[in-house]
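Subject: Handover of the two-chain model

Dear colleague,

I am passing the structure on to you below, with the sequence alongside. After it come my notes on what was found, together with the cut-offs behind each term.

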Amino acid sequence: MEASANTSCSARFDVRVHSLSAIKKAAYKFTHAFSVRFETVDQDHVIVRFLPLQAPTAPLDLLDAFHNEVLDQDLREHLAEETKGIRDLIIAQAFSPISLLHPELETEQGERAQAYRNTLENAPT
Amino acid sequence: MSVPRPTGTPLKTLPLEAFQAPSAQGYALLPFRFAPIPTGEYLLTNIVGEYILLHRTDLTALITHKLPMHSPIYDLLKSKHFLLDGASSVALDLLAAKYRTKLASLSSFTGLHIVVPTLRCNSSCVYCQVSSQSPERTKYDMTEQIADRVVEFIFRSPSQSLKVEFQGGEPLLNFPILQRIVERTSQLNSARKRDIEFVVCTNLTLLTQEMITYIREHNLLVSTSLDGPADLHNHNRPGRSKPTHDTVVRNIRMLQEAIGLSRVSALMTTTRASLDQPERIIDEYVRLGFRSIFLRILNPYGRAASPDAYSVEEWLRFYSRALDHILHLNYNGLSFREEYTAIILRKMLTPYGTGFVDLQSPAALGIGVLVYDYDGNVYPSDESRMLAAMGDSAFLLGNLLHDSYQQIVCSDKLVALVRDTMLEGVPQCADCPLLAFCGADPVRHYRLQGDLIGHKPTSEFCKKNMEIMYGLIHLIEHDAGASPVLYSWL
């Protein structure tokens, strides 16, 4: 983590610890005040550099906030991965005329519902 | 005729495992969004907008499956459908039903139809957004031929509930066309049996006794503009020849007497002159018998896009003072509410959606509202009509005289607008816990940022709604005085 008073600051990340997409999403939130540059150090490391667009800011505060946001984005990716299938199922159920959650209760169309549910569960993520 | 049950078909009941105690194997997460809020807590909202505040340590424990089962936080998260345990799928059933309820308006399609009988107006409002024309320029009036096509289009919408709203210009300047549309619509509806509501949005300065009689006999609602006490109203909304406040107030009272308090509403527009006097504006509404107010920020169209506009931060300070004053009126026994706040509260605290155009995902463009301009042009929102009056017809869908209903509502342009304005796919919105309460407002983003989706970190719309919504959650959760008042606005 580097900061120069009232100008730019940067943070170095190991992409084996935090995904690059999490780092990018976190950086996007700061684009109201900074121009953000990504630099590749090697296969496993990137540097994120923040250049203030207007008034100078407190660089260490920024970097603290950025690191917290990267951690939040990590949690969001974890959550999204675990809940993707169930989210799709809830939304499909919301607009389905037959029960996808309990196809066995559908006396006439159960097989169709079960097949649809299988498709959802086996869909590539 | 009932179909006999085939032999061996299962009974319509859940298997025994569905009623057993939760498994000791832990819990599964249900989809939700989260973000830190100004108090330092984290706001979590699930797929249907139920919310909870947590400290970060509890949030991390929840997502990493380290939250102790059956602790108070665990039980709260389970009751609000943030996690799932056991074999029962009741939570999924409930979430699906609530999700469907929230989006019910999508299936009914266009419910709001805005008609512009004329672009002429007798006012010279400092913030006029519609580029109105002077009263003598009758070429800006809607013709009977176009009016009849408007009625045809309205009935093409599959929605059972239809609201026909007359905007302007000043619609009373072309009252015969307004009457024609009301009467033809009502006549056709005797066979079609839709639920139809008519609203006249008027400055009220041209109201006559005959018009009041017509409004009463045809059950029209009236929405007017009142910017506050006389000095402020006359500054913001001068007539072309004399001040308007006295006339507006007199006619509000006459209408209230004729059709009832609840059928006359008003909204205000905030100008720079309004910013330091929210209390006076609200007190004027109270004095005139209104029990609500809609605090409206300037829209960046027409004359409102002037250098005299103000920042969203200035408006938020105005809103905060106004809300504080309204809450104190309620503490003192007067039931009075702010309408924009009430719309957000309904989205936050009830299972129902609202029809409010600005807070929809996908945007309500075309699928929630259609606008029929005086010349037959059709737009997917009032703001896109305002933009066209400034010379940018980017959102124009077609014309009533040349295009069919199908050509307009199935146009590639409208389909693309709907597809591109689903917040679930918009950078930053996709992760925002306020998504369930918020909307896309693509025309404003297009106008201010040159892009339908917009750049959310610098979006004024985003800043405004985040501050209002986080502020309301804070009041609901941490202010024992304000909370019951806000619940009473649902």
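Helices (H or I, at least four residues) and strands (E, at least two) are taken here as DSSP runs, numbered from the N terminus. This is a predicted model, in which local features need pLDDT of at least 70 and side-chain atom pairs count only at pLDDT 80 or more, while totals for chains, interfaces and linings use all residues. Residues are numbered from 1 along each chain as its sequence is written, and chains are lettered from A and ligands numbered from 1 in the order in which they are written.

On confidence, the predictor assigns the complex an ipTM of 0.82 and a pTM of 0.89. The exception to keep in mind is residues 1-11 of chain B, where the pLDDT is below 50 and where the model has three contacts beyond near neighbours in sequence; two residues are in contact if their C-beta atoms, placed from the backbone, lie within 7 Å. Where pLDDT is low, the predicted coordinates should not be read in detail.

As to the overall form, chain B contains 18 helices and 16 strands. Its radius of gyration, taken over C-alpha atoms, is 25 Å, close to the 23 Å that the globule rule gives for 490 residues, so chain B is as compact as a globular protein of that length; the rule is 2.2 Å times the number of residues to the power 0.38. Along the principal axes, the C-alpha atoms of chain B fill a box of roughly 80 × 60 × 45 Å. Of the contacts in chain B with a separation of 6 or more, 71% are between residues 24 or more positions apart.

The sheet in chain B is open and consists of nine strands in the order β12-β10-β9-β8-β7-β6-β14-β15-β16, with mixed pairing, where two strands pair if DSSP finds at least two bridges between them. Its edge strands are β12 (295-296) and β16 (398-399) of chain B, each of which pairs on one side only. Strand β8 (residues 195-202) of chain B runs parallel to β9(B) and is joined to it by four bridges, and B:T202 has B:T224 in β9(B) as its bridge partner.

Also in strand β9 (residues 221-225) of chain B is B:V222, which counts as buried because 24 C-beta neighbours lie inside 10 Å; the cut-offs are 20 or more other C-beta atoms within 10 Å for buried, 12 or fewer for exposed, and partly exposed in between, with C-beta atoms placed from the backbone. Leaving aside residues up to four places away in sequence, B:V222 touches B:V200, B:T202, B:I215, B:L255, B:R263 and B:V264. Buried residues make up 41% of the 490 residues in chain B.

Finally, the contact between the chains takes 23 residues from chain A and 23 residues from chain B. On the side of chain A that touches chain B, helix α2 (residues 59-94) of chain A gives the most, with 13 residues.

With best regards

Technical notes:
pLDDT = per-residue confidence, 0-100.
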